[in-house]
Amino acid sequence: MSALMSRGRIPVAAPALLGNEKRYVNDCLDSNWISSNGEYIKRFEAEFARYLGVKHAIACCNGTAALHLTLLALGVGPGDEVIIPSFTFVATANAVHYTGATVVLADCEHDTWNMDVGKLESLVTHNTKAIIPVPIYGHPCDMDLIMSFASKFNLYVIEDAAEALGARYNGLLCGTIADLSTFSFYGNKTLTTGEGGMVVTNNDDFAGKVRLYQGQGMDPSNRYWFSVIGYNYRMTNIEAAIGLAQLENIDTLLDKRKTIAKLYNEYLLGIPGLVLPVVKEYALHSYWMYSILIENDYGMDRNEVMALLEEYGIETRPFFYPMHCMPIYTCAYNNMLRVSEDIASKGINLPTYFALEQADIEFIADVLRYRKS
Ligand SMILES: *Cc1c(COP(=O)(O)O)cnc(C)c1O
């Protein structure tokens, strides 16, 4: 151990402001357009829609609000049920709960950690209205399976693609396949606006409803006439200015993540007890977070590994707790969600961000490899 020289603090995530961010923000300040009106919102939405190849992109204040808006656009409310993976970030569940609908939790696959479509059928009732697949940590979901399951049971599909900007399913970008999809631009996401989110869809009606609910429910043809109870979920021009600058460098940002994953795969290969991320034949992984499992034969448990890495200044994150394990979302079929519990207890997100250097990755791998020396 003493042979390993510290490399200072290595955070788990950090934004990369590489291009026109400052110039565009200054432009907002110089022009006085700092609120939720302005050219950068229009440009960011248009460029985001163009990047994905979708008809509508609606910028909003965060990814959770984006999810809430998609559910409102579909008319989801009390009495409805929405199926989501138990292994996800809490925002997916919260957005469903905000509508008054019931959150129904599904188990995940042991290899991709995404919702297991093979286990969904028993969860469908005549009240089920939608399912929300979540491409977790950047590995796309099997969207052909999900879309055909949904059409068989007449369900809407919302993709919570917060972690999967730039990931592809059989060549198609995540966020382009479901009825509606959402992204988050929180500070640790692949593209950041500080706080921010986006709803995308090819459906004109859904897009209109998202804009309606986002802007307090004001009738677009009758100012100060509110036809529904809406929300203020708008993005500011300053956030959009940062987003536009980030989007100009999206290929650079994604390429770096691919390189990081390749290096981790190389350096971590062959360490007994470590499970490296799986990439299915249909998947282009965006590696929002390079993530591994610590199996029993590694000789230390997940929390001990995190503490060890922390000793060397390496910040990591544990996997999300499955939703059904928390009292707020406990459900009656807990014992059916074993895979989620298993991977949640073994998983670690390793540092994944633009400024991470090859030598950092080598160092992290050395700590994991020589832990006992
Ligand atoms: C980040 C994230 C969100 C949205 O988060 P916000 O902080 O509200 O932007 C939603 N779902 C998942 C899976 C996420 O990782």
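User: Before anything else, what does partly exposed mean here?

Analyst: The label rests on relative accessible area in this predicted model. Buried means under 20% and exposed means over 50%. Whatever falls in between is called partly exposed.

User: Which label does Glu-295 receive, buried or partly exposed?

Analyst: The cut-off for buried is under 20% relative accessible area, and exposed starts over 50%. Glu-295 has a relative accessibility of 22%, so its label is partly exposed.

User: With which residue does Glu-295 form a salt bridge?

Analyst: The closest N and O atoms of the pair are 2.8 Å apart. Glu-295 lies in the loop between β12 (291–294) and α9 (302–311), while its partner is in helix α10 (residues 338–346), 51 residues apart.

User: How many salt bridges does a search of the whole structure find?

Analyst: A salt bridge needs a side-chain nitrogen of Lys or Arg within 4 Å of a carboxyl oxygen of Asp or Glu. Searching the whole structure on that basis gives a count of 13.

User: How many residues apart are Arg-7 and Asp-360?

Analyst: Their side chains meet in a salt bridge, at 2.6 Å from N to O. Arg-7 sits in the segment before α1 (21–31), and Asp-360 belongs to helix α11 (residues 358–369). Arg-7 is partly exposed at 34%, whereas Asp-360 is buried at 7%. The pair links distant parts of the chain, and the separation is 353 residues.

User: Where is the salt-bridge partner of Lys-152?

Analyst: Lys-152 forms a salt bridge with Glu-121, with the closest N and O atoms 3.8 Å apart. Lys-152 itself is in helix α5 and is exposed, at 58%. Glu-121 is in the loop between β3 (102–106) and β4 (128–131).

User: Which residue in β9 is the bridge partner of Ala-59?

Analyst: Strand β1 (residues 56–60) has 4 of its 5 residues buried. β1 pairs with strand β9 (residues 197–201) in the antiparallel sense, over 5 bridges. In β9, the partner of Ala-59 is Met-198.

User: What is the relative accessible area of Asn-154?

Analyst: Asn-154 is in the loop between α5 (143–152) and β5 (156–160). Although not a glycine, Asn-154 has a positive phi of about 60 degrees. Exposed requires over 50%, and Asn-154 is exposed, with a value of 69%.

User: What phi does Asn-170 have?

Analyst: Asn-170 is placed in the loop between β6 (168–169) and β7 (172–173). Asn-170 is partly exposed, with a relative accessible area of 48%. Asn-170 is not a glycine, yet its phi is positive, at about 45 degrees.

Terms used:
Residues are numbered from 1 along each chain as its sequence is written. This is a predicted model: local features need pLDDT of at least 70, side-chain atom pairs count only at pLDDT 80 or more; totals for chains, interfaces and linings use all residues. Side-chain values use heavy atoms; hydrogens and water are left out. Buried means under 20% relative accessible area, exposed over 50%, partly exposed in between (1.4 Å probe, protein chains only). Helices (H or I, at least four residues) and strands (E, at least two) are DSSP runs, numbered from the N terminus. Two strands pair if DSSP finds at least two bridges between them.
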